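Keep the sequence and the 3D view at hand.

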Amino acid sequence: MKRNVKVFLVVCLSFVYLLGVTSCKKTETFNKNVLRIYNCQDYIDEGLDSDTGEKIGPSVMERWKEDFEFRHPGRKVTVVYDTFETPEYMLNQIKTGKKFDLICPSDYTIQKMIKDDMLEKFDKGALSGENNYLSNASPYLINLFAENDWTEYAACYMWGTLGIIYNTEIVNEEDVKYWNAMWNEKYKGIATAKDSVRDTYFMGVMYTHQEELLKYRNDYLNGVITSEEYNVKINEVANLTDDNTIETVRQNLKKLKDNIFGLEVDSGKSDIITGKIAMSLAWSGDAVYSMDLAEEKGVTLAYSVPEEGSNVWFDGWCMPKGANKELAQDFINFVSRPDIAALNMDVTGYTSAVVGDDIFDLINDWYGSDADDATEVDLSFFFGDSVDSSKLTNGKVIIKGDEIGRQFSAQYPTEEILARCGVMRDFGDQNKKVLRMWMNFKSNSLDPVAIILLCLLAFVIIASYVIFLIKRLNKKKRIKNYQKAKIQQQN
């Protein structure tokens, strides 16, 4: 009887334990009133002064919370906001069990997460409707996401190109029309590349296939192939990861290593302002940031998307498995409002996926010009029919600007520039080989400061060891002399 009671108690306790585990797991998955956001650093308006970091106004997250609670009387929500430096780090955090409701990875990470079944699909109709994501986003980007089968899993947040930012007083404009400017000995020691396997590898591929890519460009400009056919060819070359390409890129990156100052992730955008470098591989948003600050210091920078072709990239809002879909989708729609998108663009320097009158007015205010010789840029392909007819020029969305090739061009590339920009794909089965090549390249690509510090460290270690040996030797001599003296005394 006692044995049966014990068995019964064990069964009951086990049942209670299982209920507790299940309950904990459910709590870990999501709290219906908590939104956990994981975004890239410096990628949203946090209501802070850019110089001092002091709080000067409500963040976008606080604005959303207030707006949501106004629309849902009696409902109180909490936002937990964290940031990451790279999509790779973000992905590792999720794989190790970190829980988030909304993340903002780059295009290739989105592809990988879709392939690995790590993302929730958007609820049907959740992002459509008046003043929601699908009604405010650029038709160009909506179509591009649809072509890549990302629409069910990702909503575009920011986008841009990869190019070269340069100091116009030091670097020749004609040189930076091509990727080989980074290999040009004329600029030895004053250029940096990205400490990012994908971006620097991409540049290496474009440099390696320069002749082939320029031929495609001439065919496009001469009407031999359409812009669509041209873009297909650019994408084919841009995503080459066969063994032969990887090896050739490795050899070319080795040459690059001997010519550049070093690799960087975030320091390049300030180093080019201070004059530490004069040219850098850059994302368009960082280029805008640098050009804006440089102007305040009397330094003129410009941005180029090389003619061989480049990368057009996208960062999108996604929901990891187990996310609080209700709040996540509501937040996506909120940041897709033109007025909120304008706030984020103003703070980050990056280009929002959102279009409409507010965005048109914003960029006109930033870059517009009434000068007779101002250059007209047609952005109809990007804005679609989102701009009021009273603001159109001959039925087109036209921005007239003075300084083409600088901030405006970095934020809003023309249709012709985008025709020569490819979308980077996930490396798939070749990922390990590309990473192995990259680690081999990096192992011999230390920053000069890092080399000096390592040399000093090695010197300190060697000096310490030499001192240790001397002390040890002296100690042995003392012991030996002591023993010798003791023997003599005994005798």
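Which residues in H3 meet which residues in H4? From H3 come Pro87, Glu88, Met90, Leu91, Ile94 and Lys95. From H4 come Tyr108, Thr109, Lys112 and Met113. The model is predicted.

## H3 and H4

Helix H3 covers residues 87–95, and helix H4 covers residues 107–115. Their axes cross at roughly 25° and come within 10 Å. H3 is therefore roughly parallel to H4. The crossing of the two helices is right-handed.

By class, the residues of the contact of H3 with H4 are 6 nonpolar, 1 polar and 3 charged.

## The chain as a whole

The protein chain has 491 residues, and 47% of them count as buried. Its secondary structure comprises 20 helices and 13 strands.

Take the contacts between residues at least 6 apart in sequence: 77% of them join residues at least 24 apart. The accessible surface of the chain is about 25800 Å². Carbon and sulfur atoms account for 53% of that surface.

## H13

Helix H13 spans residues 325–335. Of its 11 residues, 9 are buried, so H13 is largely enclosed by the rest of the structure.

The buried residues of H13 are Leu327, Ala328, Gln329, Asp330, Phe331, Ile332, Asn333, Phe334 and Val335.

Which residues of helix H14 are buried? In this helix, residues 338–348, they are Pro338, Ile340, Ala341, Ala342, Asn344, Met345 and Thr348. Gly349 follows H14, and its phi is positive, near 85°.

H14 packs with helix H15 (residues 357–367) at an angle of about 30°. The two axes are 9 Å apart. H14 makes the contact through Pro338, Asp339, Ala341, Ala342, Met345 and Asp346. H15 answers with Asp358, Ile359, Leu362, Ile363 and Trp366. The residues of this contact are 8 nonpolar, no polar and 3 charged. Pro338, Ala341, Ala342 and Met345 are buried residues of H14, and they also take part in the contact with H15.

## H10 and H19

Helix H10 (residues 243–257) packs with helix H19 (residues 431–443). The angle is about 20°, and the axes are 10 Å apart. H10 and H19 are therefore roughly parallel to each other. H10 passes H19 in a right-handed crossing.

Which residues make the contact? H10 supplies Asp243, Ile246, Val249, Arg250, Leu253, Lys254 and Lys257. H19 supplies Lys433, Val434, Met437, Asn440 and Phe441. The contact of H10 with H19 has 6 nonpolar, 1 polar and 5 charged residues.

## Phe427

Phe427 sits in the loop between strand S13 (421–422) and H19. Is Phe427 buried or exposed? Its relative accessible area is 9%. Buried means under 20%, so Phe427 is buried.

Leaving out residues up to four places away in sequence, Phe427 touches Arg198, Tyr201, Thr241 and Val434. Val434 is also one of the H19 residues in the contact with H10.

Phe427 and Tyr108 are 319 residues apart along the chain, yet their C-alpha atoms are separated by 8.5 Å. Tyr108 is one of the H4 residues that meet H3.

How values were computed. Residues are numbered from 1 along each chain as its sequence is written. This is a predicted model: local features need pLDDT of at least 70, side-chain atom pairs count only at pLDDT 80 or more; totals for chains, interfaces and linings use all residues. Side-chain values use heavy atoms; hydrogens and water are left out. Axes are lines fitted to C-alpha atoms, for helices over the stretch in contact, and angles run from 0 to 180 degrees between N-to-C directions. Helices (H or I, at least four residues) and strands (E, at least two) are DSSP runs, numbered from the N terminus. Angles under 35 degrees count as roughly parallel, over 145 as roughly antiparallel, 65 to 115 as roughly perpendicular and the rest as oblique. A crossing is left-handed if the near helix is turned anticlockwise from the far one by less than a right angle, and right-handed if clockwise. Contact means heavy atoms within 4.5 Å. Ala, Val, Leu, Ile, Met, Phe, Trp, Tyr, Cys and Pro count as nonpolar, Asp, Glu, Lys and Arg as charged, and the others, Gly among them, as polar. Buried means under 20% relative accessible area, exposed over 50%, partly exposed in between (1.4 Å probe, protein chains only). Accessible areas come from the Shrake-Rupley method with a 1.4 Å probe; for residues, only the protein chains shown count as cover.
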